[in-house]
Amino acid sequence: AKARSVSNRTLSRSVVREPKELPKLVEQMRKDYQIQFAERILRALVGKIKTTIDVDGDSRANVLAKNLEDQFTSSLVFALDAIAYGRAAFEKTYYYEGGAWLVDRLDYLPFQNSEMVLRESGDVAVKLPAVKDQPAMTLEPHECWWFALDPTPLQPHGRSMFLNAIEPWKDKR
């Protein structure tokens, strides 16, 4: 297990939970044409950025880097939900090829159907609620990717950019 600092262990006990009203707020705010416009501009700007992973090493390292670039690019449209929600969660699935485990897919997990589980080690797991016949389950760190926007020690789950616009949005309404 990874060693974790005393301050991180102490701060982890003070973590602020994600706002429960956030999904409803996001839904309401996304109806506003100015919010839609701002979110589209941010998505377009981020979409133009080319992300690359450079490695020095053998061909296997290059295969891994290419795989991660491809998965990041294909999941970006969903990861950008972090603008509204402060985070995006994904389930990772793998396949084995050429002597390496590669990410097969990153499946987006909607905000309402995922919750951060912060391990004592600092690793992040994702809790999925019970649905119909399926009991609640937790995806372990190697099974998930938690993309947090502007995380802090007290808000490791991330912070919605919409929260900065609540007061002006309410005043406009």
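This is a predicted model: local features need pLDDT of at least 70, side-chain atom pairs count only at pLDDT 80 or more; totals for chains, interfaces and linings use all residues.

I began with β1 (87-97) and β6 (residues 144-148), which run antiparallel and are joined by five bridges. I take helices (H or I, at least four residues) and strands (E, at least two) as DSSP runs, numbered from the N terminus. Within this pairing, R87 stands opposite A148 in β6. Residues are numbered from 1 along each chain as its sequence is written, and side-chain values use heavy atoms, with hydrogens and water left out.

Which strands are at the edges? I found an open sheet of three strands in the order β2-β1-β6, with antiparallel pairing; two strands pair if DSSP finds at least two bridges between them. β2 and β6 are the edge strands, each pairing on one side only. On average, neighbouring strands here are turned by 30° against each other, direction ignored. α4 packs on the sheet and touches β1, β2 and β6, where contact means heavy atoms within 4.5 Å. The direction of α4 makes about 5° with that of β2. For such angles, axes are lines fitted to C-alpha atoms (for helices over the stretch in contact), and the angles run from 0 to 180 degrees between N-to-C directions.

**Rings.** I counted seven aromatic pairs. Rings of Phe, Tyr and Trp (its six-membered ring) pair if their centres lie within 6.5 Å; planes under 30 degrees apart are stacked, over 60 edge-to-face, and the rest tilted. F72 and W145 make a tilted pair, because their ring planes are at 55°, with centres 6.3 Å apart. F72 is in helix α4 and W145 in strand β6, so this pair ties together parts 73 residues apart in sequence. W145 and F147 are tilted too, with centres 5.7 Å apart and planes at 50°. Ring pairs link F72, F78, F90, Y108, W145 and F147 into a cluster.

I also checked exposure: buried means under 20% relative accessible area, exposed over 50%, partly exposed in between (1.4 Å probe, protein chains only). F72 is partly exposed at 26%, W145 at 22% and F147 at 24%.

**Helix α2.** Which residues of α2 are buried? They are L22, P23, L25, V26 and M29. These cover an arc of only 165° around the axis, so they sit on the same side of α2; the arc is that of the directions from the helix axis to the C-beta atoms. K24 and E27 are exposed on the other side of α2. The buried residues of α2 pack against α3 (33-47), α5 and α6.

**Cores.** A nonpolar core is a set of buried Ala, Val, Leu, Ile, Met, Phe, Trp, Tyr and Cys residues joined through side-chain atoms within 4.5 Å. The largest one has 19 residues, and L22, L25, V26, M29, Y85 and F162 have the most contacts inside it. α2 gives the most to this core, with four residues. Leaving out residues up to four places away in sequence, V26 touches A84, Y85 and F162. Last entry: a second, separate core has eight residues, including L128, L139, C144 and W146.
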